[in-house]
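Colleague: Hi! Could you walk me through this one?
Modeller: Happy to, here it is.

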Amino acid sequence: LEEQGRSDERGWAHATGGLGMVEQDAGRLDEAVARHRAAIAAFTRVGGADHPDTAQAFDKLGYALRLQGSVEEALDAHRRGVGLLERVLGPDDSRVAMALTNLGLALVDAGTPEKAVDVQTRAREIFLRTLGSAHFSTRLAGERLADALVAAERPARAKAIRAEVAEGSAERLNTPEPTRPS
């Protein structure tokens with residue numbers, strides 16, 4: 001897309017953010033951060049500062065910064081992404097919950113596990129309301145909450161949450177797949 005003169009800037013921004021994730025997975029974190037910053041700039045130009053794509057790009061930047069060890073910058077990016085998503089989509093959207101789980105991970109890294117517990121609890125509650133206990137994102141949020149509880153030295157509560165996650169997994173296994181019209 002760069003060679004095509006960015007005629008589709010939104011597409012270019014999505015592709016750039018995707019390449020940022022690839023760089024991140026390959027351990028090239030400086031490159032990942034640069035790509036996520038470029039995606040934010042492009043999304044801001046095309047959709048504005050208050051667009052969900054811009055907000056999610058901030059969340060992805062925060063994740064890469066966290067992996068890079070830039071925890072304070074990561075917290076700033078995650079908070080900005082969460083704030084934008086809440087403002088644009090409302091506080092109970094599953095995309096807000098996903099961004100909250102990433103903020104919670106950064107809060108643990110920042111040495112504030114009790115704050116992480118609060119954030120992960122909120123994320124899990126949103127997922128439970130919007131997606132149900134058997135959904136993968138809800139179960140993942142439960143695991144991240146349990147991890148935050150362990151970091152906050154609350155292992156008994158973490159064990160209880162992990163048991164609830166296991167129940168959600170069992171529920172998922174026992175739920176028949178929806179039939180598709182032929």
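Modeller: One term to start with: buried means under 20% relative accessible area, exposed means over 50%, and partly exposed is in between, using a 1.4 Å probe and protein chains only. This is a predicted model, where local features need pLDDT of at least 70, side-chain atom pairs count only at pLDDT 80 or more, and totals for chains, interfaces and linings use all residues. Residues are numbered from 1 along each chain as its sequence is written, and side-chain values use heavy atoms, with hydrogens and water left out.

Colleague: Is Glu143 buried, exposed or partly exposed?
Modeller: Glu143 counts as partly exposed, at 28% relative accessibility.

Colleague: And which residue does Glu143 meet in a salt bridge?
Modeller: Glu143 meets Arg162, at 2.4 Å from N to O. A salt bridge here is a side-chain nitrogen of Lys or Arg within 4 Å of a carboxyl oxygen of Asp or Glu. Arg162 is in helix 8 (residues 155-173) and Glu143 in helix 7 (residues 136-151), so this pair links distant parts of the chain, 19 residues apart. Arg162 is partly exposed too, with a relative accessible area of 31%. Helices are DSSP runs of H or I with at least four residues, numbered from the N terminus.

Colleague: How many salt bridges are there in the whole structure?
Modeller: The search finds 14. One of them joins Arg45 and Glu9, 2.4 Å from N to O. Arg45 lies in helix 2 (residues 29-47) and Glu9 in helix 1 (residues 9-25), so the pair ties together parts that are 36 residues apart in sequence.

Colleague: What about Asp93, which residue is its partner?
Modeller: Asp93 forms a salt bridge with Arg95, with the closest N and O atoms 3.0 Å apart. Asp93 is buried at 18% relative accessibility, whereas Arg95 is partly exposed at 35%. There is also a network of salt bridges that links Glu23, Arg28 and Arg35.

Colleague: Where is Gln24, and is it buried or exposed?
Modeller: Gln24 is in helix 1 and is buried, with a relative accessible area of 6%. Gln24 and Tyr63 are 39 residues apart in sequence, and 9.1 Å apart from C-alpha to C-alpha.

Colleague: Okay, helix 4. Which helices do its buried residues pack against?
Modeller: Helix 3 (52-68) and helix 5 (94-109). The buried residues of helix 4 include Val71, Leu75, His78 and Leu85. Helix 4 is followed by Gly90, which has a positive phi, near 95 degrees.

Colleague: Last one: what does Asp53 touch?
Modeller: Asp53, in helix 3, touches Arg10, His14 and Phe43, leaving out residues up to four places away in sequence. Asp53 counts as buried, at 14% relative accessibility.

Note on methods:
Helices (H or I, at least four residues) and strands (E, at least two) are DSSP runs, numbered from the N terminus. Contact means heavy atoms within 4.5 Å.
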